[in-house]
Amino acid sequence: MAVYIGSEIYQRSAFGHNHPLSSARQETVLDICRILGWLDDSNFIISPKASTTTLTRFHDQNYVDALKAADALGSVNIDVRKQYNFGTMENPLFKGVFDRAATTVGGSIEAAKRALCGKTAFHPSGGTHHGMRNRAHGFCYFNDPVYAIFTLLDAGLERVFYVDIDAHHGDGVEAAFLNDDRVTTLSVHEENRWPYSGKMEDNSHDKNGGRINLPVPQGLNDSEFLYIFNNLITPTCETIKPQAIVITCGADAIEADPLSKMSLSNQVLWQTVMALKAETEHLVVLGGGGYNPWTTIRAWVGLWGQLNSYEFPEILPDKAQAILARFDSDLIDEEDRLPEWITRLEDAKTLGYIRDEIKRRVDLLFALR
Ligand SMILES: [Zn+2]
């Protein structure tokens with residue numbers, strides 16, 4: 001059985017109108033799951049908020065204190081802004097930022113606890129994979145995947161596999177576990193894209209795991225992703241034999257995301273998560289990026305449906321269509337919006353040619369094992 005971890009805190013406005021994360025992604029995923037009859041009190045868990053003591057286990061006390069103080073004050077001075085990288089366009093200061101970020105951490109800890117009890121835990125508000133120990137980074141204030149992994153390690157697990165299929169490199173999580181051979185991190189991300197780390201030369205895996213980075217060229221299609229899955233992700237998983245898997249399943253690698261240029265369909269993301277689910281007893285599925293509200297919401301609603309083996313409707317119910325139709329986005333031109341973004345959950349698969357460069361990189365990483 002799967003459990004969904006969420007909170008009303010994500011209904012409050014956040015990030016500010018012009019920010020790519022200002023859209024009401026989280027509550028809409030919840031609303032549509034409820035309309036489909038996929039969510040009720042029996043499988044929904046309210047996310048707790050992580051305490052300051054918990055937050056300082058990974059993050060520096062000074063940074064945690066500074067974010068809390070700035071949130072209470074409603075402003076940040078220039079020195080604090082420079083030192084901790086919040087109060088910027090990228091990581092704006094908004095009312096309730098501290099509680100929201102602390103709730104995301106609490107949610108991922110709860111997700112890992114549920115996974116340890118044998119449930120598949122879905123926490124789409126999680127996946128703030130860029131958060132650094134001492135500063136905000138890439139729309140992330142704290143790093144909740146790190147805490148999901150801590151919780152699994154605290155329970156005595158010794159082989160945890162972190163898989164990051166967001167369009168951006170999972171730099172914060174990788175940095176947190178560089179020197180911990182109990183954790184293998186694997187990130188597939190678009191090359192030459194912010195944060196510009198996770199290059200082919202940034203690989204250091206051996207039989208104990210390590211860090212694996214596969215940067216991919218723009219336009220990665222489903223066929224190419226499946227090649228990567230079958231020839232890199234699956235063999236790595238078979239080598240590690242993970243006791244638990246944590247996935248950051250950002251939706252920004254799906255075609256038509258305004259902040260990246262990959263071309264996956266939501267179906268390949270679902271297929272990946274379901275295949276990894278079969279490899280472990282303890283699975284934590286987090287969200288991540290996703291800046292096209294229509295593709296992101298449908299990807300995560302569908303992911304929840306897949307995790308529960310729910311039957312997918314051919315056409316979304318009118319109420320769900322009405323919610324999606326009301327959405328707007330300054331980042332996506334009206335003529336680029338597809339009618340099926342309103343009517344259906346599944347994207348059309350993006351099958352195509354597998355470029356030699358991708359095969360070459362996958363083979364190189366495979367050989368390093
Ligand atoms: Zn991303």
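This is a predicted model: local features need pLDDT of at least 70, side-chain atom pairs count only at pLDDT 80 or more; totals for chains, interfaces and linings use all residues.
Eight strands, in the order β2-β1-β3-β8-β7-β4-β5-β6, form an open sheet whose pairing is parallel. The edges of this sheet are taken by β2 (44-46) and β6 (211-216), each of which has a single partner strand, so one side of each is left without a neighbour in the sheet. Averaged over the sheet and with direction ignored, neighbouring strands are turned by 15 degrees against each other.

**The chain as a whole**

- Buried residues make up 51% of the 369 residues of the protein chain.
- Among contacts in the protein chain with a separation of 6 or more, 77% come from residues 24 or more positions apart.

**Strand β1 and its partners**

- Strand β1 (residues 2-6) runs parallel to strand β3 (residues 120-123), and three bridges join the two.
- Within this pairing, Val3 has Ala121 in β3 as its bridge partner, while Tyr4 stands opposite Phe122 in β3.
- β1 also pairs with β2, again in the parallel sense and over three bridges, and here Gly6 stands opposite Ile46 in β2.
- Four of the five residues of β1 are buried, so this strand is largely enclosed by the rest of the structure.
- As a general point, strands of a sheet pair through backbone hydrogen bonds, either parallel or antiparallel.

- Helix α5 (residues 97-116) has 20 residues and reaches 29 Å from its first C-alpha to its last, which is close to the 28 Å expected at 1.5 Å a residue.
- Of the 20 residues of α5, 19 are buried, so the helix is largely enclosed by the rest of the structure.
- Just after α5 comes Gly118, which takes a positive phi of about 95 degrees.
- Helix α6 (residues 144-154) is mostly covered, with nine of its eleven residues buried, and among these buried residues are Asp144, Tyr147, Phe150 and Leu152.
- Gly156, which follows α6, has a positive phi near 100 degrees.

**The pair α8 and α13**

- Helix α8 (residues 222-240) packs with helix α13 (residues 356-367) at an angle of about 5 degrees, and their axes are 10 Å apart.
- That angle makes α8 roughly parallel to α13.
- The residues of α8 that meet α13 are Glu224, Tyr227, Ile228, Asn231, Leu232 and Pro235, and on the side of α13 they meet Ile358, Lys359, Val362, Leu365 and Phe366.
- In general, an α-helix has 3.6 residues a turn, so residues three or four places apart point the same way.

**Gly138 in its loop**

- Gly138 is found in the loop between β3 and α6, and with 19 C-beta neighbours inside 10 Å it counts as partly exposed, because a residue is buried if 20 or more lie within that distance.
- Leaving aside residues up to four places away in sequence, Gly138 touches His130, His168 and Pro195.
- Gly138 and Trp194 are 56 residues apart along the chain, and their C-alpha atoms are separated by 8.6 Å.

Note on methods. Residues are numbered from 1 along each chain as its sequence is written. The expected span of a helix is 1.5 Å times one less than its number of residues. A residue is buried if 20 or more other C-beta atoms lie within 10 Å of its own, exposed if 12 or fewer, and partly exposed in between; C-beta atoms are placed from the backbone. Two strands pair if DSSP finds at least two bridges between them. Axes are lines fitted to C-alpha atoms, for helices over the stretch in contact, and angles run from 0 to 180 degrees between N-to-C directions. Two residues are in contact if their C-beta atoms, placed from the backbone, lie within 7 Å. Angles under 35 degrees count as roughly parallel, over 145 as roughly antiparallel, 65 to 115 as roughly perpendicular and the rest as oblique.
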